[in-house]
Amino acid sequence: MSYCTRQDLIDRFSEREVLELESNADGGTDTEKVSLAIVDASGEIDGYLAGAGYATPLSTVPAIITGYACDIARYRLYDNDATEQVTKRYELAIKFMRAVAKGEVRLTANGLPLDESSSADLVGEASFEGGRQVFSGGGF
């Protein structure tokens with residue numbers, strides 16, 4: 001199961017960018033290139049999620065996973081030509097996935113089962129509230 005689609009990439013990054021990434025050296029398009037990047041991104045995410053004790057592939061996909069799957073697939077499509085922004089988004093996605101794998105962040109969604117055979121000890125939850133400032137200044 002893939003955690004994002006070609007349309008998700010278009011919605012986030014534009015149809016023009018996706019078409020450019022699909023283009024091949026002879027001026028044609030290679031739609032399999034995008035499909036392969038999506039499959040690879042989903043596999044990479046599954047590796048982190050399985051390490052955290054989630055049953056993969058996820059049957060219910062939280063929106064945050066779809067977003068990060070798009071960032072990972074986009075990075076893979078750029079190959080050696082990734083811009084600083086594309087690279088940074090990929091690195092943030094991997095940082096989040098590592099936090100999930102370590103149990104620092106827990107994905108919550110209706111019907112999101114943990115792998116019962118896993119002995120991973122999950123702590124905390126990911127929750128978001130609007131309307132108040134949590135952090136100020138410097139960033140990470």
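What you have open is a predicted model, where local features need pLDDT of at least 70, side-chain atom pairs count only at pLDDT 80 or more, and totals for chains, interfaces and linings use all residues. Residues are numbered from 1 along each chain as its sequence is written, and side-chain values use heavy atoms, with hydrogens and water left out.

**Stop 1: the core**

Select Leu9, Ile45, Leu49, Ile65, Phe96 and Val100. These have the most contacts inside the largest nonpolar core, which has 35 residues. A nonpolar core is a set of buried Ala, Val, Leu, Ile, Met, Phe, Trp, Tyr and Cys residues joined through side-chain atoms within 4.5 Å; buried means under 20% relative accessible area, exposed over 50%, partly exposed in between (1.4 Å probe, protein chains only). Helix H1 (6-13), helix H2 (15-22), H3, H4 and H5 each supply at least two residues of this core.

Now zoom in on Leu9. Leaving aside neighbours within four places in sequence, Leu9 is in contact (heavy atoms within 4.5 Å) with several residues, including Val18, Ile38 and Leu77.

**Stop 2: H3 against H4**

Show H3 and H4. Their axes come within 8 Å and cross at roughly 125°. Axes here are lines fitted to C-alpha atoms, for helices over the stretch in contact, and angles run from 0 to 180 degrees between N-to-C directions. That makes H3 oblique to H4 (under 35 degrees is roughly parallel, over 145 roughly antiparallel, 65 to 115 roughly perpendicular, and the rest oblique). Among the residues making this contact are Ala37, Ala41 and Glu44 of H3 and Ala69, Ile72 and Arg76 of H4.

**Stop 3: Glu44**

Stay in helix H3 (residues 31-51) and pick Glu44. Is Glu44 buried or exposed? At 18% relative accessibility, Glu44 counts as buried. Beyond its neighbours within four places in sequence, Glu44 is in contact with Ile72, Arg76, Tyr90 and Ile94.

**Stop 4: H4 against H5**

Finally, select helix H4 (residues 63-78) and helix H5 (residues 84-101), whose axes come within 9 Å and cross at roughly 135°. That makes H4 oblique to H5. To see the contact, pick out Tyr68, Ile72 and Tyr75 of H4, with Tyr90, Ala93 and Met97 of H5, among others.

Methods
Helices (H or I, at least four residues) and strands (E, at least two) are DSSP runs, numbered from the N terminus.
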